[in-house]
Amino acid sequence: MRIVQGDASDHATTQAYFEVVRAAGETDDPLGPPWSLRRMRGWLEYPADPAETWACTDETTGAVHGWYYLVLPERENRDHASVYLTVHPASRRRGIGTALLRHAAGRAAGGGRSVLGSGAFQDSAGAAFAAHAGATPGLVEARRVLVLGQIPAGRVASLRERAAQAATGYSLVSWHGHLPDEYLARYAEVENAMADAPHDAGEEPSIWDAARVREAVDRRQRQGRDVYTLAALHVASGELAAVTEVEADPDNPAWGHQQVTAVTRKHRGHRLGLLLKTAMLDWLAVAEPAMERIVTGNAAVNQYMIAINEELGYELLRPAAQSYELPVADTPG
């Protein structure tokens, strides 16, 4: 075995990486959404921060047994590195994960980082590996899935009408893909509203402005991501009060992926989250008729958003995910 750096722009390399995560997903998350090669390639080729991939390969055949993706944040959390490490189920318990983790810690240390952050599904091989490595468990993300065909007739319309009654003075705007320039700065304020969402201790929230939003949206387009966005506009002030987004997956059209849902603090209490989510369901029913399920994740302590999702009919999807942190200096040698 040897550990070699990968080229994220090489499709043969990313195909080999994809086969590892697909096999791991089928083992560790059999009820969850299938992995998408297109989405994975987008993340690897166009990262938001400096990133690199390394793989443990067979010296004779070149087969990939496991690999990791290391991200070094440039703005917030500059003492941290995020590592996403996956070992093929058929190659586990052979020291490959430990070797990759040790290698990732060395790369993180070389980048001036003192803490590795990652995540794993609860009760999975990844969770056992994290515990064995001495990582500290953090926030639990409770995943939920909405099966669109099981929503009772009339429920979405009824919930949307009730939400609209509480949201007098707001109008809805939407875009598919490109974010109009007129909303850049206002969208940044909604992103900044996520600062008070539950997060791991010591984690610095992202600080957004119009330039960062444009950078993120342009990167998302280069990644080939297919995102639907709905926003609530406060008519009197012109402020963007709330946003929700769902990403479609052309590789797996039956699955949608809920992205951000956020309401700015001064506009909370008007059922804008519910209004946007019900309006999104109406939009997707027309725009993405093949979509059958939408998966979302919320910190298990985020009772407000969980209540909205349960009102819509979302049900728990197990296993839950959990974050982990490990000091670079404490990585098993």
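**Exercise 1.** Find where asparagine 77 lies, and decide whether asparagine 77 is buried or exposed.

*Solution.* Start with the chain: asparagine 77 sits in the loop between strand E3 (64-71) and strand E4 (80-87). Strands (E, at least two residues) and helices (H or I, at least four) are DSSP runs, numbered from the N terminus. Next, take the relative accessible area, which is 13%. Buried means under 20%, exposed over 50% and partly exposed in between, with a 1.4 Å probe and protein chains only, so asparagine 77 is buried. Finally, look for partners beyond four places in sequence: asparagine 77 is in contact (heavy atoms within 4.5 Å) with Arg113, Gly202, Glu203 and Glu204.

A note on the source: this is a predicted model, where local features need pLDDT of at least 70, side-chain atom pairs count only at pLDDT 80 or more, and totals for chains, interfaces and linings use all residues. Residues are numbered from 1 along each chain as its sequence is written, and side-chain values use heavy atoms, leaving out hydrogens and water.

**Exercise 2.** Work out how helix H6 (residues 184-192) and helix H7 (residues 210-222) are arranged.

*Solution.* First, the axes (lines fitted to C-alpha atoms over the stretch in contact, with angles from 0 to 180 degrees between N-to-C directions) come within 8 Å and cross at roughly 90 degrees. Angles of 65 to 115 degrees count as roughly perpendicular, under 35 as roughly parallel, over 145 as roughly antiparallel and the rest as oblique, so H6 and H7 are roughly perpendicular to each other. Last, the contact joins Leu184, Ala185, Tyr187 and Ala188 of H6 to Ala210, Val213 and Arg214 of H7.
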